[in-house]
Amino acid sequence: MSNVYIRSQNREKLYDFGICFNCLQYEEKHDCKRGKEAAAHHTICISDGCLEEIAEYESKERCIEVLDEIEKVCSSYLYAEGSRGLIRGSTPMQPMATVIPRVYQMPEK
């Protein structure tokens with residue numbers, strides 16, 4: 001997998017997925033003072049031994065949707081079909097797929 005750069009929700013940080021950190025995860029936080037009755041904070045965190053929050057959303061479902069979008073970006077490649085070399089003097093080219101650096105901006109909502 002080539003580099004995938006993930007920009008934090010507040011646009012202040014750019015992370016290199018696979019180099020700076022190796023895990024993205026959903027985290028649900030509750031206000032300790034109010035207990036379970038308080039509204040939960042649904043966040044996406046990076047992990048490299050400790051958790052760092054990079055985005056917050058209104059629900060767990062939205063966090064999972066964003067993680068699914070990041071997964072699609074991580075698995076995308078640049079693809080070229082190739083050619084048969086039908087033009088005189090041209091060399092046939094095999095189809096190819098290559099990895100390219102990709103950037104994912106965490107959505108605001």
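Which residues have the most contacts inside the largest nonpolar core?

**Entry 1: ground rules.** I am working with a predicted model, where local features need pLDDT of at least 70 and side-chain atom pairs count only at pLDDT 80 or more, while totals for chains, interfaces and linings use all residues. I number residues from 1 along each chain as its sequence is written, and side-chain values use heavy atoms, with hydrogens and water left out.

**Entry 2: confidence.** I looked up pLDDT, the predictor's confidence in each residue from 0 to 100. The protein chain has a mean of 79, with 80% of its residues at 70 or more. I take helices (H or I, at least four residues) and strands (E, at least two) as DSSP runs, numbered from the N terminus.

**Entry 3: the core.** Back to my opening question: Ile6, Leu24, Ile44, Ile54, Ile70 and Met106 have the most contacts inside the largest nonpolar core, which has 20 residues. Such a core is a set of buried Ala, Val, Leu, Ile, Met, Phe, Trp, Tyr and Cys residues joined through side-chain atoms within 4.5 Å. Buried means under 20% relative accessible area, exposed over 50%, and partly exposed in between (1.4 Å probe, protein chains only). Helix 1 gives this core its largest share, six residues.

I then followed Met106, with contact meaning heavy atoms within 4.5 Å. Leaving aside neighbours within four places in sequence, Met106 has contacts that include Ile6, Ile44, Ile54, Val66 and Ile70.

**Entry 4: strand 1.** I found Val4 and Ile6 on the covered face of strand 1, and Tyr5 and Arg7 on the uncovered one. Two strands pair if DSSP finds at least two bridges between them. Strand 1 pairs with strand 2 in the antiparallel sense over four bridges, and Ile6 has Tyr15 as its bridge partner there. Six residues lie between the two strands of this hairpin, and Arg11 in the turn has a positive phi of about 65 degrees. Strand 1 also runs parallel to strand 8 (residues 102–105), joined by four bridges; Val4 stands opposite Arg102.

**Entry 5: cysteines.** I counted zero disulfides, a disulfide being a pair of cysteine sulfur atoms within 2.5 Å. Cys63 is in none either, with the sulfur of Cys45 nearest at 8.8 Å. Cys63 is buried because its relative accessibility is 0%, whereas Cys23, at 26%, is partly exposed.
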